[in-house]
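We will go from stop to stop, and at each one you will hear what to look for.

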Amino acid sequence: MTIPLSPRLRACAAFVRPGARVADICCDHGHLGLYLLQAGIASQVYAADIAPLPLQNARKNAEKLGLSNQIQFFLSDGVLSLPRDFDTLLCAGVGADTIISILGAAPWLRNGRCLIVQCQSQRVRLARWLSAQGYRAARETVVQEGKFFYPVAELSYAPGAPLSPGECHLSPALRASGAPALAPYYRRILANLETTLHGLSRGGDAQALAFYTRAWEELQSWKGEILC
C-alpha cells in the first residue's frame, strides 16, 4: 500500500529534511507522517491530534503499512502532551487560529526547530501574528488544487522588522520561490483585495482600509517581477 498524498501535503513533505524526527500535529488520518516514514525521509514520527477518532484511523493505517514501530500516537492539544525531542513540526490543513494557538502555547518551539505550516484560512491574520512574534518564512511555496491555492511555509525564528501589508499577503520567500502556481495565486490575491477594498470604501474601518490599500499598492508594484 502506497500512501496517497494531495499536492498540498506533498509540498509539506518536500520541506522535511532527511532523517528528521517529526511531530505531525493535527495529524488526522496520519497520511503525511506515514508517507515520510514510508519514503525514508523521517526517522521517527509523533502523530498528534486533539480528537480520538483521527488517531484511531492513523493507528490503523500504520498497522496496515507495518510502520507501527516507527510512529507514536498522542491525544494532545497541539504539542502540549508530546516529548520535546523532535526537530521538525508539521501542522497542515488547519486555520490561522489553530496554528496561533499551537505556537503561542509553546514558545520553546522557537529554539532551533523546523516549523512547517500549511494554513487553510485567515492567512493574512496568521502572517501578521507570526511577524509580530518574530517568525519568518525561510522557504515558502504555493500549490493549486482545483480552484484552491495552498501556501506552505517553513518558519524560522528571526526577529526583525515587521512584514509590510503587501508582504503579509505575499511573503518575500514566496515571491522568490518560482512556484508554478505563484502567478495565478498572485492574481487571486489581487482579486480578493479588490473585493475587500470595495467593501471598505463604502464605509468601514479606516485603519483596515489603510492596511489593505497599502497591500494593494505593494502587490501592484511587484507585478512585473511575478508575471514576467
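This is a predicted model: local features need pLDDT of at least 70, side-chain atom pairs count only at pLDDT 80 or more; totals for chains, interfaces and linings use all residues.

## First stop: a helix residue

Select Gln56, which counts as partly exposed because its relative accessibility is 42% (buried is under 20% relative accessible area, exposed over 50% and partly exposed in between, with a 1.4 Å probe and protein chains only). Gln56 is found in helix H3, residues 52–65; helices (H or I, at least four residues) and strands (E, at least two) are DSSP runs, numbered from the N terminus.

Residues are numbered from 1 along each chain as its sequence is written, and side-chain values use heavy atoms, with hydrogens and water left out.

## Second stop: ring against ring

How many aromatic pairs does the structure hold? There are five; rings of Phe, Tyr and Trp (its six-membered ring) pair if their centres lie within 6.5 Å, and planes under 30 degrees apart count as stacked, over 60 as edge-to-face and the rest as tilted. Select Tyr46 and Phe74, whose ring centres are 5.3 Å apart with planes at 75°, so this pair is edge-to-face. Tyr46 belongs to strand E2 (residues 42–49) and Phe74 to strand E3 (residues 71–75), so the pair ties together parts that are 28 residues apart in sequence. Tyr46 is buried at 6% relative accessible area, and Phe74 is buried at 15%.

Next, pick Phe211 and Tyr212, another edge-to-face pair, with 5.0 Å centre to centre and 90° between the planes. Phe211 is buried at 12%, whereas Tyr212 is partly exposed at 22%.

## Last stop: the core

Select Val16, Val22, Leu36, Ile71, Leu90 and Ile116, the residues with the most contacts inside the largest nonpolar core, which has 34 residues. Such a core is a set of buried Ala, Val, Leu, Ile, Met, Phe, Trp, Tyr and Cys residues joined through side-chain atoms within 4.5 Å. Its largest share, five residues, comes from helix H2 (residues 31–38).
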